[in-house]
Amino acid sequence: MNKICFFDTKPYDKLFFEQLKEQYEIEIEYFEPKLGPKTAFMAKGYEAVVAFVSDTLDEETIHILEENGIKLIAMRCAGYNNVDFKAAYQKIHVVRVPAYSPYAVAEHAMALLLTLNRKIHKAYIRTRDFNFSLNGLTGFDLHGKTMGVIGTGKIGRIFIDICNGFGMKVIAYDPFPMKDSNIQYVDLDQLCSEADIISLHCPLTKDTFHMINKDTMKSMKKGVFILNTSRGALINSEDLLEALKEEQIGGACLDVYEEETELFYEDMSYTIIHDDVLARIISLPNVIVTSHQAFLTKEALHNIAETTLQNCRDFFDDNPLQNEVCYQCSKGEACPKENGKRCF
Ligand code: NAI
């Protein structure tokens with residue numbers, strides 16, 4: 001049995017990993033703390049660590065993991081913007097779960113939009129209190145509206161299909177457009193100026209950091225809705241708050257937030273929140289925030305456990321690592337992985 005350890009464990013993660021671990025001949029020790037420079041020492045005695053988007057995998061943490069004999073970081077998520085690949089290169093292999101359920105995320109984005117537009121979150125509270133009035137609950141038809149989709153990868157394309165099902169007009173922006181698709185691609189300026197609703201489905205990179213800022217928001221239609229189920233730092237939150245207050249932005253559905261690491265996934269209901277921008281954004285009636293839960297379906301959790309354990313098994317069996325990411329290939333540069341080998 002190979003031994004791995006698991007950071008930032010939540011009951012819903014453990015349930016699915018426990019169901020599958022025997023099949024992969026892997027023993028798992030579950031730790032509650034997040035991985036970071038102060039907790040990395042706990043990995044001593046294990047062969048691999050399983051980490052998540054909310055863990056800190058900076059240079060210092062990676063150095064401590066290496067000193068403690070860790071050879072593999074298995075990310076149980078798709079995004080990897082929290083990993084210092086330069087620090088890990090040639091030392092620790094990094095694998096991830098490139099796709100676990102794009103449907104889960106795309107469906108959550110639509111659920112948020114429907115909730116905010118039709119004010120279901122307000123109606124639910126009213127009727128529980130036997131308040132059956134409709135004042136203030138007016139929404140708009142999605143049918144016939146223009147949806148602007150930024151990023152047409154796995155999730156973006158499913159979201160486009162969902163929007164088409166609602167009879168919306170869909171326009172999209174992606175620097176790497178999908179060939180032979182029926183997607184109507186436009187440039188980012190045109191998307192911003194024509195869309196009634198904009199949904200973000202691109203990764204966080206140095207090019208996309210704060211791509212939604214006061215300038216881009218000024219170029220949007222007044223009252224536009226913005227949906228973000230990708231990564232918080234795609235949006236400059238302070239600029240978003242200003243634009244919401246000025247009513248330039250008519251509504252925001254946020255499953256992610258740029259400073260979410262210390263807050264999301266935890267019960268903070270008895271804590272004084274020091275992030276005034278988040279607190280103010282959450283207080284607005286035309287904003288819905290969920291706590292990075294778009295992925296949270298049974299199917300996605302099963303697929304995450306299965307792929308993560310397969311990634312670890314492949315590593316232990318000296319097989320090529322199909323889902324490896326490294327300093328070179330994460331930047332789109334040439335890497336031995338292209339020839340079916342490990343990145344290094
Ligand atoms: P993907 O890799 O299949 O697609 C990403 C698309 O974005 C690609 O088509 C790429 O060409 C495009 N892109 C790259 N740079 C861009 C730019 N500057 N502007 C516009 N588009 C750009 O990724 P997938 O699976 O569709 O996931 C999208 C994002 O969703 C992930 O990067 C991740 O941040 C987020 N995500 C969020 C989850 C949640 O629970 N909220 C769960 C899973 C993913």
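User: Is histidine 108 buried or exposed?
Analyst: The model is predicted, and the values here are computed from it. Histidine 108 has a relative accessible area of 13%. Buried means under 20%, so histidine 108 counts as buried.

User: Where is histidine 108, and which residues is it in contact with, leaving aside its neighbours within four places in sequence?
Analyst: Histidine 108 belongs to helix H4, which covers residues 102–118. With its neighbours within four places in sequence left aside, the contacts of histidine 108 are Asp255, Thr290, Gln293 and Ala294.

User: Why do the buried residues of H1 line one face of the helix?
Analyst: Helix H1 runs over residues 11–20, and its buried residues include Asp13, Phe16, Phe17 and Leu20. An α-helix has 3.6 residues a turn, so residues three or four places apart point the same way. Seen down the axis of H1, the buried residues line one face because they fall within an arc of 100°.

User: Which exposed residues does the face of H1 turned away from its buried side carry, and what covers the buried residues?
Analyst: The face turned away from the buried side of H1 carries the exposed residues Pro11 and Gln19. The cover over the buried residues of H1 includes strand S1 (2–6), strand S2 (26–30) and helix H11 (298–316).

User: Is aspartate 215 buried or exposed?
Analyst: Aspartate 215 sits in helix H8, residues 214–218. Its relative accessibility is 55%. Exposed means over 50%, so aspartate 215 counts as exposed.

User: How many Å apart in space are aspartate 215 and aspartate 239, C-alpha to C-alpha?
Analyst: In sequence, aspartate 215 and aspartate 239 are 24 residues apart. In space, C-alpha to C-alpha, the distance between them is 9.1 Å.

Methods. Residues are numbered from 1 along each chain as its sequence is written. This is a predicted model: local features need pLDDT of at least 70, side-chain atom pairs count only at pLDDT 80 or more; totals for chains, interfaces and linings use all residues. Side-chain values use heavy atoms; hydrogens and water are left out. Helices (H or I, at least four residues) and strands (E, at least two) are DSSP runs, numbered from the N terminus. Buried means under 20% relative accessible area, exposed over 50%, partly exposed in between (1.4 Å probe, protein chains only). Contact means heavy atoms within 4.5 Å. The arc is that of the directions from the helix axis to the C-beta atoms.
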